[in-house]
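Please look over the model below.

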Amino acid sequence: MKFESRKDLWLALIAWGAMLSGVVSGIYGIVSGNPGVGKTIVIVILAFVLPIFVIWMVHGTHYILEEDQLKIKFFPFKKTIPYEKMRSVKKTTNPLSSPAPSLKRIEITYGRYDFALISPKDRDLFIKELKQRCPHLDVEG
């Protein structure tokens, strides 16, 4: 079962603002002087390629509950967590960097000290479906 990621508007505005600022700065840097080939390559990568990569990651984020594991796709990255290693799940607003473009998140603890933060659109349905696949899971809060 596939769950799309929730995307906070304020977070999207910050990301788009930063990317737009980078593009404008890059264009200004190239047009305003003669930066040379090396600096032009760096400007193009930072001002144009990096924003495309960020947009690709945000819009490529989703979570798949498979038969025996949770698959987290944060394009181009991928992580899998086997259900038997999961210990607990709870709703959170933890702001740590993670494959979750929203602060309405779910924290999944697994292994001894590991955890994953994700942000499915429907947290309640996600937790319900996860609990069905992983009956030993401790649902907190």
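What follows is a short report on a predicted model.

## Strand β3 and its burial

Strand β3 spans residues 69-74. It is mostly covered, with 5 of its 6 residues buried.

## Pairing with β2

Strand β2 covers residues 61-65. It runs antiparallel to β3, and 5 bridges join the two. Together β2 and β3 make a hairpin, with 3 residues between them. Within this pairing, Leu65 stands opposite Leu70 of β3.

## Pairing with β4

β3 also pairs with strand β4, residues 77-82. Here 6 bridges join the strands, again in antiparallel fashion. This pair is a hairpin too, with 2 residues between β3 and β4. Ile72 has its bridge partner in β4: Lys79.

## The nonpolar core

The largest nonpolar core holds 20 residues. Seven names head it by contacts with other members: Tyr63, Leu70, Met86, Ile108, Ile118, Phe126 and Leu130. Several elements give two or more residues to this core: β2, β3, β5 (86-92), β6 (105-110), β7 (114-118) and α3 (123-133). In soluble globular proteins, nonpolar side chains tend to be buried together.

## Leu70 in detail

Which residues does Leu70 touch, not counting those up to four places away in sequence? Among them are Tyr63, Met86, Ile108, Ile118 and Phe126. These five are also listed with Leu70 among the core residues that touch the most other members.

Conventions: Residues are numbered from 1 along each chain as its sequence is written. This is a predicted model: local features need pLDDT of at least 70, side-chain atom pairs count only at pLDDT 80 or more; totals for chains, interfaces and linings use all residues. Side-chain values use heavy atoms; hydrogens and water are left out. Buried means under 20% relative accessible area, exposed over 50%, partly exposed in between (1.4 Å probe, protein chains only). Helices (H or I, at least four residues) and strands (E, at least two) are DSSP runs, numbered from the N terminus. Two strands pair if DSSP finds at least two bridges between them. A nonpolar core is a set of buried Ala, Val, Leu, Ile, Met, Phe, Trp, Tyr and Cys residues joined through side-chain atoms within 4.5 Å. Contact means heavy atoms within 4.5 Å.
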